[in-house]
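Colleague: I would like to go through this model with you before the meeting. Could you take my questions one at a time?

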Amino acid sequence: MPHAEGSSPAAVKDEPVDDAGITSSISQGDEDDVDMLDASNAAADAAAVKKTDVKLDDLFANDDSDEEFPSSAPVKAAPSSPQGPASPTDISALKASDPEVMRSFYQRLFPWRQLFQWLNHSPTPTNDFGNREFAFTLQNDAYLRYQSFATADLSSLRKDVLRLMPSRFEIGPVYTTNPRDRKTLRNSSAFKPLAKELCFDIDLTDYDDIRTCCDKANICNKCWTFMTMAIKVIDVALRDDFGFKHIMWVYSGRRGAHAWVCDKKARSMDDQKRKAIAGYLEVIRGGAQSGKKVNVRRPLHPHLARSLEILKTHFQDDVLSVQDPWSTDERADKLLQLLPDRTLNESLRRKWDAAPGRTSTSKWADIDAVAKTGASKNLDARALKEAKQDIVLEYTYPRLDIEVSKKLNHLLKSPFVVHPGTGRVCVPIDTSNDDTIESFDPLGVPTVQSLLAEIDAWKGEEGEGAPAVADWEKTSLKPYVEYFRSFVAGIMRDERDARIKREREEESMEF
(Lines give C-alpha, C1' and ligand atoms only; values in the text may rest on other atoms or scores of the structure.)
Protein backbone atom coordinates (compact mmCIF):
# COMPACT_ATOMS: atom_id res chain seq x y z
CA MET A 1 0.00 0.00 0.00
CA PRO A 2 1.87 3.05 -1.20
CA HIS A 3 1.39 5.52 1.60
CA ALA A 4 5.01 6.42 2.14
CA GLU A 5 6.19 9.96 1.69
CA GLY A 6 7.45 10.38 -1.85
CA SER A 7 5.37 7.55 -3.33
CA SER A 8 2.55 9.78 -4.47
CA PRO A 9 0.37 9.90 -7.59
CA ALA A 10 1.42 11.50 -10.82
CA ALA A 11 0.77 15.20 -10.31
CA VAL A 12 2.04 16.28 -6.93
CA LYS A 13 1.11 19.62 -5.40
CA ASP A 14 1.66 21.02 -1.97
CA GLU A 15 -0.62 24.05 -2.06
CA PRO A 16 -4.41 24.45 -1.73
CA VAL A 17 -6.51 24.85 -4.85
CA ASP A 18 -9.19 27.38 -5.71
CA ASP A 19 -12.78 26.63 -6.61
CA ALA A 20 -12.50 27.29 -10.31
CA GLY A 21 -10.70 25.01 -12.73
CA ILE A 22 -9.49 22.47 -10.23
CA THR A 23 -8.54 19.76 -12.67
CA SER A 24 -7.15 21.99 -15.40
CA SER A 25 -4.94 24.04 -13.13
CA ILE A 26 -3.50 20.97 -11.45
CA SER A 27 -2.84 19.07 -14.61
CA GLN A 28 -0.92 22.02 -16.02
CA GLY A 29 1.39 21.86 -13.02
CA ASP A 30 1.23 25.60 -12.36
CA GLU A 31 1.67 25.95 -8.60
CA ASP A 32 0.74 29.63 -8.65
CA ASP A 33 -2.71 28.76 -9.99
CA VAL A 34 -3.60 26.43 -7.16
CA ASP A 35 -3.99 28.84 -4.28
CA MET A 36 -7.02 28.80 -2.01
CA LEU A 37 -5.85 30.38 1.22
CA ASP A 38 -2.83 32.67 1.52
CA ALA A 39 -0.45 32.63 4.46
CA SER A 40 -1.80 35.81 5.98
CA ASN A 41 -5.31 34.38 6.18
CA ALA A 42 -4.00 31.22 7.81
CA ALA A 43 -2.04 33.26 10.33
CA ALA A 44 -5.13 35.29 11.10
CA ASP A 45 -7.09 32.12 11.69
CA ALA A 46 -4.44 30.84 14.07
CA ALA A 47 -4.44 34.13 15.95
CA ALA A 48 -8.20 33.99 16.25
CA VAL A 49 -7.98 30.61 17.91
CA LYS A 50 -5.62 31.94 20.56
CA LYS A 51 -7.87 34.88 21.34
CA THR A 52 -11.09 32.86 21.52
CA ASP A 53 -11.69 29.95 23.85
CA VAL A 54 -13.74 27.92 21.42
CA LYS A 55 -15.18 24.60 22.53
CA LEU A 56 -15.16 21.82 19.95
CA ASP A 57 -18.80 21.04 20.69
CA ASP A 58 -19.75 24.64 19.80
CA LEU A 59 -18.50 24.13 16.26
CA PHE A 60 -21.18 21.55 15.45
CA ALA A 61 -24.92 22.00 15.16
CA ASN A 62 -27.48 19.73 16.80
CA ASP A 63 -25.19 18.82 19.65
CA ASP A 64 -27.98 17.39 21.76
CA SER A 65 -28.88 14.86 19.11
CA ASP A 66 -25.22 14.06 18.48
CA GLU A 67 -25.77 14.16 14.75
CA GLU A 68 -22.80 14.60 12.45
CA PHE A 69 -24.91 16.77 10.19
CA PRO A 70 -28.66 17.15 9.70
CA SER A 71 -30.67 14.02 9.06
CA SER A 72 -31.99 13.14 5.64
CA ALA A 73 -35.54 13.48 6.95
CA PRO A 74 -37.75 15.88 4.98
CA VAL A 75 -37.19 19.50 5.92
CA LYS A 76 -38.72 22.73 4.77
CA ALA A 77 -35.54 24.24 3.42
CA ALA A 78 -34.02 22.86 0.25
CA PRO A 79 -30.66 21.09 0.65
CA SER A 80 -27.60 23.32 0.15
CA SER A 81 -25.85 20.77 -2.06
CA PRO A 82 -26.89 18.05 -4.52
CA GLN A 83 -28.34 14.89 -3.04
CA GLY A 84 -27.18 11.41 -3.97
CA PRO A 85 -29.12 9.08 -6.24
CA ALA A 86 -32.74 8.69 -5.24
CA SER A 87 -33.19 4.93 -5.38
CA PRO A 88 -31.13 1.91 -4.30
CA THR A 89 -31.17 0.62 -7.88
CA ASP A 90 -29.57 3.79 -9.19
CA ILE A 91 -26.96 3.79 -6.43
CA SER A 92 -25.91 0.20 -6.98
CA ALA A 93 -25.33 0.94 -10.65
CA LEU A 94 -22.78 3.66 -9.91
CA LYS A 95 -19.11 3.16 -9.14
CA ALA A 96 -17.82 3.95 -5.67
CA SER A 97 -15.58 6.64 -7.14
CA ASP A 98 -18.51 8.44 -8.81
CA PRO A 99 -18.39 12.07 -7.57
CA GLU A 100 -22.06 12.07 -6.60
CA VAL A 101 -21.70 8.85 -4.65
CA MET A 102 -18.68 10.25 -2.84
CA ARG A 103 -20.43 13.55 -2.18
CA SER A 104 -23.40 11.78 -0.61
CA PHE A 105 -21.10 9.68 1.54
CA TYR A 106 -19.04 12.59 2.84
CA GLN A 107 -22.14 14.72 3.39
CA ARG A 108 -24.33 12.15 5.08
CA LEU A 109 -22.20 9.36 6.55
CA PHE A 110 -18.61 10.31 7.26
CA PRO A 111 -17.99 10.79 11.05
CA TRP A 112 -16.40 14.23 10.86
CA ARG A 113 -17.01 15.10 14.47
CA GLN A 114 -15.23 12.02 15.80
CA LEU A 115 -12.37 12.50 13.34
CA PHE A 116 -11.82 16.05 14.61
CA GLN A 117 -11.91 14.93 18.23
CA TRP A 118 -9.56 12.06 17.52
CA LEU A 119 -6.91 14.33 16.01
CA ASN A 120 -7.51 17.29 18.34
CA HIS A 121 -7.26 15.36 21.65
CA SER A 122 -9.28 18.00 23.49
CA PRO A 123 -12.73 19.64 23.52
CA THR A 124 -10.93 22.98 23.10
CA PRO A 125 -9.27 23.46 19.68
CA THR A 126 -5.52 22.88 19.74
CA ASN A 127 -2.56 22.93 17.39
CA ASP A 128 -2.77 19.14 17.32
CA PHE A 129 -5.44 19.64 14.67
CA GLY A 130 -4.60 23.13 13.36
CA ASN A 131 -0.98 22.24 12.50
CA ARG A 132 -1.79 18.76 11.21
CA GLU A 133 -0.97 17.90 7.60
CA PHE A 134 -3.60 16.37 5.34
CA ALA A 135 -3.02 15.17 1.79
CA PHE A 136 -5.69 14.74 -0.89
CA THR A 137 -5.62 12.34 -3.81
CA LEU A 138 -7.92 13.89 -6.41
CA GLN A 139 -9.98 12.10 -9.06
CA ASN A 140 -7.37 12.93 -11.72
CA ASP A 141 -4.61 11.43 -9.52
CA ALA A 142 -3.21 14.82 -8.56
CA TYR A 143 -1.80 14.70 -5.04
CA LEU A 144 -2.15 17.75 -2.79
CA ARG A 145 0.17 17.77 0.20
CA TYR A 146 0.56 20.13 3.17
CA GLN A 147 -3.14 20.90 3.48
CA SER A 148 -4.16 22.17 6.93
CA PHE A 149 -7.23 23.66 8.53
CA ALA A 150 -7.60 26.41 11.13
CA THR A 151 -8.99 25.17 14.41
CA ALA A 152 -11.34 28.16 14.61
CA ASP A 153 -13.37 26.51 11.83
CA LEU A 154 -12.99 22.75 11.97
CA SER A 155 -15.70 22.26 9.37
CA SER A 156 -13.29 23.66 6.75
CA LEU A 157 -11.82 20.18 6.24
CA ARG A 158 -15.28 18.84 5.44
CA LYS A 159 -15.93 21.76 3.09
CA ASP A 160 -12.68 21.15 1.22
CA VAL A 161 -13.40 17.44 0.88
CA LEU A 162 -16.88 18.15 -0.46
CA ARG A 163 -15.48 20.70 -2.89
CA LEU A 164 -12.51 18.72 -4.17
CA MET A 165 -14.08 15.23 -3.96
CA PRO A 166 -10.76 13.41 -3.36
CA SER A 167 -10.72 9.67 -3.96
CA ARG A 168 -9.11 9.49 -0.53
CA PHE A 169 -7.26 11.65 1.95
CA GLU A 170 -4.29 10.87 4.16
CA ILE A 171 -3.23 12.08 7.58
CA GLY A 172 0.29 13.24 8.34
CA PRO A 173 2.10 14.70 11.34
CA VAL A 174 1.55 17.78 13.48
CA TYR A 175 4.15 20.40 12.50
CA THR A 176 5.78 23.26 14.37
CA THR A 177 3.55 25.66 12.45
CA ASN A 178 0.61 25.61 10.06
CA PRO A 179 1.83 23.56 7.05
CA ARG A 180 0.34 26.13 4.68
CA ASP A 181 2.63 28.77 6.17
CA ARG A 182 5.86 26.85 5.76
CA LYS A 183 7.08 28.86 2.75
CA THR A 184 6.71 32.13 4.64
CA LEU A 185 9.25 31.10 7.28
CA ARG A 186 12.63 32.78 7.03
CA ASN A 187 14.34 29.67 8.36
CA SER A 188 13.08 26.61 6.51
CA SER A 189 14.52 24.33 9.19
CA ALA A 190 11.98 25.80 11.62
CA PHE A 191 9.28 23.80 9.84
CA LYS A 192 9.53 20.25 11.13
CA PRO A 193 7.20 17.47 12.32
CA LEU A 194 6.52 17.33 16.04
CA ALA A 195 4.08 14.50 16.61
CA LYS A 196 2.12 11.76 14.90
CA GLU A 197 0.54 8.47 15.81
CA LEU A 198 2.83 5.44 15.62
CA CYS A 199 1.47 3.47 12.65
CA PHE A 200 1.79 -0.05 11.30
CA ASP A 201 0.75 -1.34 7.88
CA ILE A 202 0.16 -5.00 7.01
CA ASP A 203 -0.74 -6.08 3.47
CA LEU A 204 -1.80 -9.55 2.36
CA THR A 205 0.25 -9.28 -0.83
CA ASP A 206 3.30 -9.78 1.39
CA TYR A 207 1.91 -13.26 2.15
CA ASP A 208 1.66 -14.33 -1.50
CA ASP A 209 4.50 -16.84 -1.15
CA ILE A 210 2.66 -18.74 1.60
CA ARG A 211 -1.08 -18.24 0.95
CA THR A 212 -2.53 -20.62 -1.64
CA CYS A 213 -6.14 -19.44 -1.88
CA CYS A 214 -5.53 -15.97 -3.37
CA ASP A 215 -2.80 -13.68 -4.61
CA LYS A 216 -2.14 -10.04 -5.46
CA ALA A 217 -5.11 -7.80 -4.58
CA ASN A 218 -7.51 -10.71 -4.11
CA ILE A 219 -8.54 -11.85 -0.64
CA CYS A 220 -10.96 -14.27 0.98
CA ASN A 221 -11.84 -15.25 4.52
CA LYS A 222 -9.30 -18.07 4.38
CA CYS A 223 -6.29 -15.81 3.89
CA TRP A 224 -7.70 -13.02 6.07
CA THR A 225 -6.77 -15.27 9.01
CA PHE A 226 -3.17 -14.16 8.38
CA MET A 227 -4.34 -10.65 9.23
CA THR A 228 -6.13 -11.97 12.31
CA MET A 229 -2.88 -13.55 13.49
CA ALA A 230 -0.96 -10.36 12.82
CA ILE A 231 -3.37 -8.17 14.76
CA LYS A 232 -3.28 -10.49 17.77
CA VAL A 233 0.52 -10.63 17.90
CA ILE A 234 1.25 -6.94 17.29
CA ASP A 235 -1.55 -5.65 19.50
CA VAL A 236 -0.51 -7.62 22.58
CA ALA A 237 3.14 -6.67 22.06
CA LEU A 238 2.32 -2.97 21.87
CA ARG A 239 0.18 -3.16 25.02
CA ASP A 240 2.20 -5.54 27.19
CA ASP A 241 5.76 -4.76 26.11
CA PHE A 242 5.49 -1.00 25.55
CA GLY A 243 2.52 -0.05 27.72
CA PHE A 244 0.46 1.55 24.96
CA LYS A 245 -3.27 1.74 25.58
CA HIS A 246 -5.03 3.56 22.72
CA ILE A 247 -4.50 1.35 19.68
CA MET A 248 -6.95 1.40 16.78
CA TRP A 249 -6.83 -1.12 13.95
CA VAL A 250 -8.45 -0.07 10.68
CA TYR A 251 -9.36 -2.19 7.66
CA SER A 252 -7.69 -0.74 4.58
CA GLY A 253 -10.72 -1.37 2.35
CA ARG A 254 -9.26 -4.22 0.32
CA ARG A 255 -6.41 -6.47 1.49
CA GLY A 256 -4.81 -5.10 4.63
CA ALA A 257 -5.01 -3.34 7.96
CA HIS A 258 -3.44 -0.30 9.61
CA ALA A 259 -2.69 0.20 13.28
CA TRP A 260 -2.78 3.69 14.82
CA VAL A 261 -1.12 3.92 18.25
CA CYS A 262 -2.58 7.12 19.64
CA ASP A 263 -1.10 7.42 23.16
CA LYS A 264 0.58 10.77 23.75
CA LYS A 265 3.93 9.12 24.45
CA ALA A 266 3.68 7.31 21.12
CA ARG A 267 2.73 10.44 19.19
CA SER A 268 5.73 12.37 20.53
CA MET A 269 8.36 9.73 19.69
CA ASP A 270 11.17 10.73 17.33
CA ASP A 271 12.29 8.66 14.34
CA GLN A 272 14.94 6.81 16.32
CA LYS A 273 12.42 5.47 18.84
CA ARG A 274 9.96 4.57 16.10
CA LYS A 275 12.65 2.66 14.26
CA ALA A 276 13.58 0.82 17.46
CA ILE A 277 9.99 -0.35 18.06
CA ALA A 278 9.60 -1.33 14.41
CA GLY A 279 12.82 -3.34 14.61
CA TYR A 280 11.64 -5.04 17.78
CA LEU A 281 8.51 -6.25 16.01
CA GLU A 282 10.16 -7.19 12.70
CA VAL A 283 10.93 -10.89 12.45
CA ILE A 284 10.24 -11.80 8.80
CA ARG A 285 13.02 -10.48 6.59
CA GLY A 286 13.58 -10.98 2.87
CA GLY A 287 11.34 -11.03 -0.20
CA ALA A 288 9.37 -13.82 -1.82
CA GLN A 289 12.45 -15.18 -3.61
CA SER A 290 14.73 -15.23 -0.58
CA GLY A 291 15.42 -18.41 1.39
CA LYS A 292 15.06 -18.64 5.16
CA LYS A 293 13.23 -15.53 6.36
CA VAL A 294 13.41 -16.13 10.12
CA ASN A 295 16.74 -16.01 11.91
CA VAL A 296 16.26 -15.42 15.62
CA ARG A 297 18.50 -15.97 18.60
CA ARG A 298 18.07 -18.62 21.25
CA PRO A 299 16.79 -18.72 23.87
CA LEU A 300 13.75 -17.07 22.32
CA HIS A 301 12.91 -13.54 23.42
CA PRO A 302 9.74 -13.53 25.59
CA HIS A 303 7.89 -11.67 22.81
CA LEU A 304 8.64 -14.48 20.35
CA ALA A 305 7.81 -17.20 22.87
CA ARG A 306 4.45 -15.51 23.52
CA SER A 307 3.88 -15.10 19.77
CA LEU A 308 4.46 -18.81 19.17
CA GLU A 309 1.92 -19.61 21.87
CA ILE A 310 -0.63 -17.35 20.14
CA LEU A 311 0.16 -18.69 16.68
CA LYS A 312 0.52 -22.44 17.18
CA THR A 313 -3.21 -23.18 16.92
CA HIS A 314 -3.55 -20.91 13.87
CA PHE A 315 -0.63 -22.76 12.28
CA GLN A 316 -2.37 -26.12 12.62
CA ASP A 317 -5.90 -25.00 11.77
CA ASP A 318 -5.51 -22.09 9.36
CA VAL A 319 -2.16 -22.73 7.68
CA LEU A 320 -1.68 -26.52 7.51
CA SER A 321 -5.35 -27.53 7.16
CA VAL A 322 -6.77 -24.61 5.17
CA GLN A 323 -3.87 -23.27 3.11
CA ASP A 324 -2.15 -26.67 2.68
CA PRO A 325 1.10 -24.80 1.86
CA TRP A 326 3.22 -27.86 0.91
CA SER A 327 0.74 -29.70 -1.30
CA THR A 328 2.95 -29.66 -4.39
CA ASP A 329 6.45 -31.10 -4.78
CA GLU A 330 7.88 -27.64 -5.37
CA ARG A 331 6.35 -26.26 -2.19
CA ALA A 332 7.35 -29.35 -0.22
CA ASP A 333 10.95 -28.81 -1.32
CA LYS A 334 10.77 -25.34 0.23
CA LEU A 335 9.81 -26.94 3.55
CA LEU A 336 12.72 -29.38 3.33
CA GLN A 337 15.14 -26.52 2.68
CA LEU A 338 14.19 -25.08 6.07
CA LEU A 339 15.08 -28.28 7.96
CA PRO A 340 18.64 -28.70 9.32
CA ASP A 341 19.48 -32.33 8.45
CA ARG A 342 20.15 -33.52 4.89
CA THR A 343 19.68 -37.22 5.66
CA LEU A 344 16.32 -36.52 7.32
CA ASN A 345 15.30 -34.48 4.27
CA GLU A 346 16.13 -37.32 1.89
CA SER A 347 14.07 -39.78 3.95
CA LEU A 348 11.12 -37.41 3.99
CA ARG A 349 11.34 -36.83 0.24
CA ARG A 350 11.27 -40.59 -0.44
CA LYS A 351 8.26 -40.98 1.84
CA TRP A 352 6.36 -38.18 0.13
CA ASP A 353 7.28 -39.36 -3.38
CA ALA A 354 5.82 -42.74 -2.48
CA ALA A 355 2.56 -41.17 -1.33
CA PRO A 356 1.51 -38.43 -3.79
CA GLY A 357 -1.21 -36.10 -2.58
CA ARG A 358 -0.13 -36.25 1.05
CA THR A 359 -1.51 -33.24 2.94
CA SER A 360 0.61 -30.57 4.60
CA THR A 361 -0.75 -31.62 8.00
CA SER A 362 0.54 -35.14 7.37
CA LYS A 363 3.88 -33.91 6.03
CA TRP A 364 4.38 -31.77 9.13
CA ALA A 365 3.70 -34.80 11.37
CA ASP A 366 6.06 -36.88 9.23
CA ILE A 367 9.01 -34.72 10.29
CA ASP A 368 8.92 -35.93 13.90
CA ALA A 369 7.81 -39.43 12.95
CA VAL A 370 10.73 -40.01 10.58
CA ALA A 371 13.18 -38.33 12.97
CA LYS A 372 12.20 -40.80 15.72
CA THR A 373 12.97 -43.79 13.46
CA GLY A 374 16.65 -42.87 13.55
CA ALA A 375 16.79 -42.20 9.84
CA SER A 376 19.58 -39.74 10.54
CA LYS A 377 22.11 -40.88 13.12
CA ASN A 378 23.64 -37.39 13.38
CA LEU A 379 20.36 -35.57 13.84
CA ASP A 380 20.51 -32.71 16.33
CA ALA A 381 17.13 -32.85 18.08
CA ARG A 382 17.49 -29.33 19.45
CA ALA A 383 18.34 -27.90 16.03
CA LEU A 384 15.29 -29.65 14.57
CA LYS A 385 13.01 -28.23 17.26
CA GLU A 386 14.34 -24.71 16.65
CA ALA A 387 13.99 -25.12 12.89
CA LYS A 388 10.34 -26.12 13.33
CA GLN A 389 9.72 -23.07 15.53
CA ASP A 390 11.24 -20.87 12.83
CA ILE A 391 8.97 -22.47 10.22
CA VAL A 392 5.89 -21.76 12.34
CA LEU A 393 7.00 -18.13 12.64
CA GLU A 394 7.71 -17.84 8.91
CA TYR A 395 4.21 -19.06 8.05
CA THR A 396 2.28 -17.14 10.70
CA TYR A 397 4.19 -14.14 12.12
CA PRO A 398 3.10 -10.64 10.96
CA ARG A 399 4.74 -9.31 7.81
CA LEU A 400 5.04 -5.59 8.40
CA ASP A 401 5.64 -2.84 5.87
CA ILE A 402 8.29 -1.58 8.24
CA GLU A 403 8.99 1.73 6.48
CA VAL A 404 5.52 2.98 7.43
CA SER A 405 6.44 2.80 11.12
CA LYS A 406 9.92 4.34 11.04
CA LYS A 407 9.24 7.94 10.03
CA LEU A 408 7.43 10.68 11.89
CA ASN A 409 6.51 12.44 8.63
CA HIS A 410 4.86 9.41 7.00
CA LEU A 411 1.26 9.84 5.81
CA LEU A 412 -1.39 7.14 6.12
CA LYS A 413 -4.90 6.82 4.74
CA SER A 414 -7.60 8.19 7.03
CA PRO A 415 -10.09 5.87 8.71
CA PHE A 416 -13.59 5.85 7.17
CA VAL A 417 -12.54 6.87 3.66
CA VAL A 418 -13.83 4.73 0.81
CA HIS A 419 -11.56 2.39 -1.12
CA PRO A 420 -12.15 3.43 -4.75
CA GLY A 421 -11.62 -0.08 -6.11
CA THR A 422 -13.85 -2.09 -3.79
CA GLY A 423 -16.20 0.65 -2.55
CA ARG A 424 -15.70 -0.62 1.00
CA VAL A 425 -15.33 1.82 3.86
CA CYS A 426 -12.09 1.73 5.86
CA VAL A 427 -13.75 0.85 9.14
CA PRO A 428 -12.12 0.21 12.53
CA ILE A 429 -11.70 -3.39 13.66
CA ASP A 430 -12.96 -4.22 17.13
CA THR A 431 -9.97 -5.70 18.97
CA SER A 432 -11.64 -5.93 22.39
CA ASN A 433 -10.90 -9.66 22.54
CA ASP A 434 -9.91 -12.62 20.36
CA ASP A 435 -13.53 -13.33 19.45
CA THR A 436 -14.15 -9.87 18.02
CA ILE A 437 -10.86 -9.96 16.12
CA GLU A 438 -11.65 -13.37 14.63
CA SER A 439 -15.23 -12.44 13.76
CA PHE A 440 -14.23 -9.46 11.60
CA ASP A 441 -15.21 -10.21 8.00
CA PRO A 442 -13.53 -7.96 5.41
CA LEU A 443 -15.94 -9.13 2.72
CA GLY A 444 -18.88 -8.15 4.92
CA VAL A 445 -17.74 -4.56 5.39
CA PRO A 446 -20.37 -2.23 3.91
CA THR A 447 -19.76 -0.53 0.60
CA VAL A 448 -20.60 3.09 0.01
CA GLN A 449 -23.34 2.09 -2.45
CA SER A 450 -24.99 -0.28 0.02
CA LEU A 451 -24.89 2.34 2.78
CA LEU A 452 -26.61 4.97 0.65
CA ALA A 453 -29.21 2.39 -0.35
CA GLU A 454 -29.79 1.59 3.34
CA ILE A 455 -30.54 5.25 4.04
CA ASP A 456 -33.11 5.34 1.25
CA ALA A 457 -34.68 2.10 2.48
CA TRP A 458 -34.84 3.18 6.14
CA LYS A 459 -38.41 3.33 7.45
CA GLY A 460 -37.97 4.62 10.96
CA GLU A 461 -40.17 7.22 12.59
CA GLU A 462 -39.58 10.72 11.22
CA GLY A 463 -41.47 13.94 11.12
CA GLU A 464 -42.46 16.57 13.67
CA GLY A 465 -41.87 15.44 17.24
CA ALA A 466 -39.87 12.37 16.23
CA PRO A 467 -36.32 12.10 17.59
CA ALA A 468 -33.70 13.13 15.05
CA VAL A 469 -31.74 10.21 13.63
CA ALA A 470 -28.41 10.80 11.92
CA ASP A 471 -28.03 9.10 8.56
CA TRP A 472 -25.17 6.88 9.72
CA GLU A 473 -27.44 5.52 12.47
CA LYS A 474 -29.79 4.19 9.78
CA THR A 475 -27.10 2.00 8.23
CA SER A 476 -24.72 -0.87 8.90
CA LEU A 477 -21.99 1.73 9.43
CA LYS A 478 -23.46 2.43 12.88
CA PRO A 479 -21.48 -0.12 14.96
CA TYR A 480 -18.22 1.06 13.42
CA VAL A 481 -18.93 4.74 14.13
CA GLU A 482 -19.97 3.89 17.69
CA TYR A 483 -16.76 1.91 18.22
CA PHE A 484 -14.74 4.85 16.89
CA ARG A 485 -16.64 7.27 19.12
CA SER A 486 -15.92 5.11 22.18
CA PHE A 487 -12.24 4.86 21.23
CA VAL A 488 -11.95 8.64 20.82
CA ALA A 489 -13.73 9.23 24.14
CA GLY A 490 -11.09 7.10 25.86
CA ILE A 491 -8.27 9.20 24.40
CA MET A 492 -10.00 12.46 25.33
CA ARG A 493 -10.60 11.25 28.88
CA ASP A 494 -6.97 10.24 29.45
CA GLU A 495 -5.65 13.47 27.91
CA ARG A 496 -7.97 15.49 30.17
CA ASP A 497 -6.97 13.59 33.31
CA ALA A 498 -3.29 14.02 32.52
CA ARG A 499 -3.80 17.74 31.94
CA ILE A 500 -5.65 18.18 35.25
CA LYS A 501 -2.96 16.25 37.11
CA ARG A 502 -0.23 18.39 35.53
CA GLU A 503 -2.05 21.62 36.42
CA ARG A 504 -2.48 20.52 40.03
CA GLU A 505 1.18 19.66 40.32
CA GLU A 506 2.13 23.07 38.92
CA GLU A 507 -0.20 24.79 41.40
CA SER A 508 1.28 22.87 44.34
CA MET A 509 4.76 23.91 43.32
CA GLU A 510 3.80 27.58 43.49
CA PHE A 511 3.10 27.41 47.23
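Colleague: Where does Lys-377 lie?

Modeller: This is a predicted model, and in it Lys-377 sits in the loop between helix H14 (360–372) and helix H15 (381–396).

Colleague: Is Lys-377 buried or exposed?

Modeller: Lys-377 counts as exposed, because its relative accessibility is 82% and the cut-off for that class is over 50%.

Colleague: What separates the C-alpha atoms of Lys-377 and Thr-343?

Modeller: The distance between those C-alpha atoms is 8.7 Å, while Lys-377 and Thr-343 are 34 residues apart along the chain.

Colleague: Let us turn to the sheet. What is the strand order in the open sheet of four strands?

Modeller: The order is S6-S8-S7-S10, and the pairing is antiparallel. S6 and strand S10 (428–429) stand at the edges with a single partner strand each, so one side of each has no neighbour in the sheet.

Colleague: How many bridges join each pair, then?

Modeller: Strand S6 (residues 198–203) pairs with S8 over six bridges. Strand S7 (residues 247–251) pairs with S8 over five bridges, and S7 pairs with S10 over two bridges. Each of these pairings is antiparallel.

Colleague: Which residues stand opposite Ala-257 of S8?

Modeller: Ile-202 has Ala-257 as its bridge partner, and Tyr-251 also stands opposite Ala-257.

Colleague: And which residue faces Pro-428 in S10?

Modeller: That is Val-250, which stands opposite Pro-428.

Colleague: Are the residues of strand S8 buried or exposed?

Modeller: Strand S8 (residues 256–261) is mostly covered, with six of its six residues buried. In a regular strand, side chains alternate between the two faces of the sheet. In S8 both faces are covered: one side has Gly-256, His-258 and Trp-260, the other has Ala-257, Ala-259 and Val-261, and all of these are buried.

Colleague: What happens in the hairpin of S7 and S8?

Modeller: That hairpin has four residues between the strands, and Gly-253 takes a positive phi near 100 degrees there.

Colleague: Which residue has a positive phi in the hairpin of S2 and S3?

Modeller: In that hairpin it is Asp-141, with phi near 75 degrees, and five residues lie between the strands. Strand S2 (residues 132–137) and S3 pair in the antiparallel sense over three bridges, and Thr-137 stands opposite Tyr-143 in S3.

Colleague: Why is strand S3 described as largely enclosed?

Modeller: Strand S3 (residues 143–147) has five of its five residues buried, so the rest of the structure largely encloses it.

Colleague: Now the helices. How many residues of helix H5 are buried?

Modeller: Nine of the nine residues of helix H5 (residues 112–120) are buried, so this helix is largely enclosed by the rest of the structure. Among them are Arg-113, Gln-114, Gln-117 and Asn-120, as well as Trp-112, Phe-116 and Trp-118.

Colleague: What follows H5?

Modeller: His-121 follows H5, and its phi is positive, near 65 degrees.

Colleague: One last topic: which residues gather in the patch of negative charge on the surface?

Modeller: The patch consists of Glu-503, Glu-505, Glu-506 and Glu-507. Of these, Glu-503 is found in helix H19 (residues 478–510).

Colleague: How accessible is Glu-503?

Modeller: Glu-503 has a relative accessible area of 39% and is therefore partly exposed.

Conventions:
Residues are numbered from 1 along each chain as its sequence is written. This is a predicted model: local features need pLDDT of at least 70, side-chain atom pairs count only at pLDDT 80 or more; totals for chains, interfaces and linings use all residues. Side-chain values use heavy atoms; hydrogens and water are left out. Patches are made of residues with over 30% relative accessible area and no salt bridge: like charges are joined within 9 Å, nonpolar side chains (Val, Leu, Ile, Met, Phe, Trp, Tyr) within 5 Å. Accessible areas come from the Shrake-Rupley method with a 1.4 Å probe; for residues, only the protein chains shown count as cover. A salt bridge is a side-chain nitrogen of Lys or Arg within 4 Å of a carboxyl oxygen of Asp or Glu. Lys and Arg count as positive and Asp and Glu as negative; His and the chain ends are not counted. The place of a charge is taken as NZ of Lys, CZ of Arg, CG of Asp or CD of Glu. Buried means under 20% relative accessible area, exposed over 50%, partly exposed in between (1.4 Å probe, protein chains only). Two strands pair if DSSP finds at least two bridges between them.
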